[in-house]
Amino acid sequence: MHLIDTHCHLDFADFDDDRAAVLAASRALGVARYIVPAVGEENWAALEGLAAQETGIFYALGVHPMWASRQTSGVLTRLASRLAARPSALVAIGECGLDGRSTVSQAGQLELFEGQLELAHQFQLPLLVHSVRANDTVATLLKRYRPAAGGVIHAFSGSRHQAERFWALGFRLGIGGTITYERASKTREAVAAMPWEALVLETDAPDMPLAGRQGMRNSPEYLPEVLACLAKLKGEAPSKVAELLRDSSEALFSRLLR
Ligand SMILES: [Zn+2]
């Protein structure tokens, strides 16, 4: 099995004590490649360092909506110059997006998200999109900017209609812990109805623990459990699902193949 965790924050302090052990355990379970998204300029250098140190680690650079107010002026210009250098392990822009639940100014979030939508177009890179209580606004913006390299609606939660709308705009759905909760019936139904090529796997570790592990640190070690849950939901063998989602991830993040 060769799994790709398309969204895990391995650089977070939560992993400082046992990062190597977490990676070794995940690799032993078949998680071969990892995409680590940025949250703001403050962790860009750490991601570059992590990817240089470890095989199979790729990263995205960008600004997360909840970190928007902590950024200093000129951040998008500095992001553009890092993207222009085209480092080989950089596969996407993000994470970026909108969080309707956050106390961070919505106008500030929007300004940075729109800036990153423009950069995605300019550099032809996929986007890792954080969309919390904002699916309709995010879809409207994607329609307006039409970032040609597409991206992922990370930790997708929403209706079948929203899922289809994102996929029609070239955005895949990031499938993680959410589908392991029985109560997430709307999202589970939406995911079950989508084609394989519209889906990618992710954990969002250390956040978004799976059902049964609420309050605990999430880890890429649990990605095979997300896979098993998805396989059951869609009535397909886990080994086949692993293959289909590897294809889907490589089709989107073409730089994974370099
Ligand atoms: Zn994230």
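**Close-up views of a predicted model**

View 1. R146 counts as partly exposed, with a relative accessibility of 47%. The model shown in this and the other views is predicted. R146 sits in the loop that runs between α5 (135–145) and β6 (151–154). Its phi is near 45°, which is a positive value in a residue other than glycine.

**View 2. R86, another residue with a positive phi.** The phi angle of R86 is about 50°, and R86 is not a glycine. The residue belongs to the loop between α3 (75–84) and β4.

View 3. Four residues supply the donor atoms: H7 and H9 each through NE2, E95 through OE, and D204 through OD. These donors lie 2.1 to 2.6 Å from the zinc ion. Which class does the geometry of the site fall into? The angles among the four donor atoms run from 84 to 174°, and the site is irregular. A tetrahedral site would need all angles between 85 and 135 degrees. Along the sequence, the donor residues follow the spacing H-x1-H-x85-E-x108-D. H9 and D204 link distant parts of the chain, being 195 residues apart. H9 is in the loop between β1 (3–5) and α1 (19–28), and D204 is in the loop between β8 (199–201) and α8 (223–234). H9 has a relative accessible area of 2%, so it is buried. D204 also counts as buried, at 7% relative accessibility.

**View 4. Two cis peptide bonds.** Another cis bond leads from A205 to P206, and its omega is near 5°. P206 is located in the loop between β8 and α8.

**View 5. The packing of helices α8 and α9.** How are two packed helices described? The description uses the angle between their axes and the distance between the axes. Here α8 and α9 (residues 238–252) meet at an angle of about 105°, and their axes are 9 Å apart. The angle makes α8 roughly perpendicular to α9. On the α8 side the contact is formed by L227, L230 and A231, and on the α9 side by P238, V241, A242 and L245. Which classes of residue make up the contact of α8 with α9? There are seven nonpolar residues, no polar residues and no charged residues.

**View 6. R133 in its loop.** R133 is found in the loop between β5 (127–132) and α5. With 70% relative accessibility, R133 counts as exposed. Leaving aside residues up to four places away in sequence, R133 touches G100 and R101. Between R133 and S219 there are 24 Å from C-alpha to C-alpha, and the two residues are 86 residues apart along the chain.

**View 7. P195 and R172.** The loop between α7 (185–193) and β8 holds P195. P195 has a relative accessible area of 29% and is partly exposed. In sequence, P195 and R172 are 23 residues apart. In space, their C-alpha atoms are 9.9 Å apart.

Notes: Residues numbered from 1 in each chain as written. Predicted model: local features only at pLDDT ≥ 70, side-chain atom pairs only at ≥ 80, totals over all residues. Heavy atoms only, no water. Donors = N, O, S within 2.8 Å, 3.2 Å for Na, K, Ca; no water. Tetrahedral: all angles 85-135°; square planar, octahedral: opposite > 155°, others 65-115°. Helix = DSSP H or I, 4+ residues; strand = E, 2+ residues; numbered from the N terminus. Buried < 20%, exposed > 50% of the residue type's maximum accessible area, 1.4 Å probe, protein only. Axes fitted to C-alpha atoms, helices over the stretch in contact; angles between N-to-C directions. Parallel < 35°, antiparallel > 145°, perpendicular 65-115°, else oblique. Contact = heavy atoms within 4.5 Å. Nonpolar A, V, L, I, M, F, W, Y, C, P; charged D, E, K, R; others polar.
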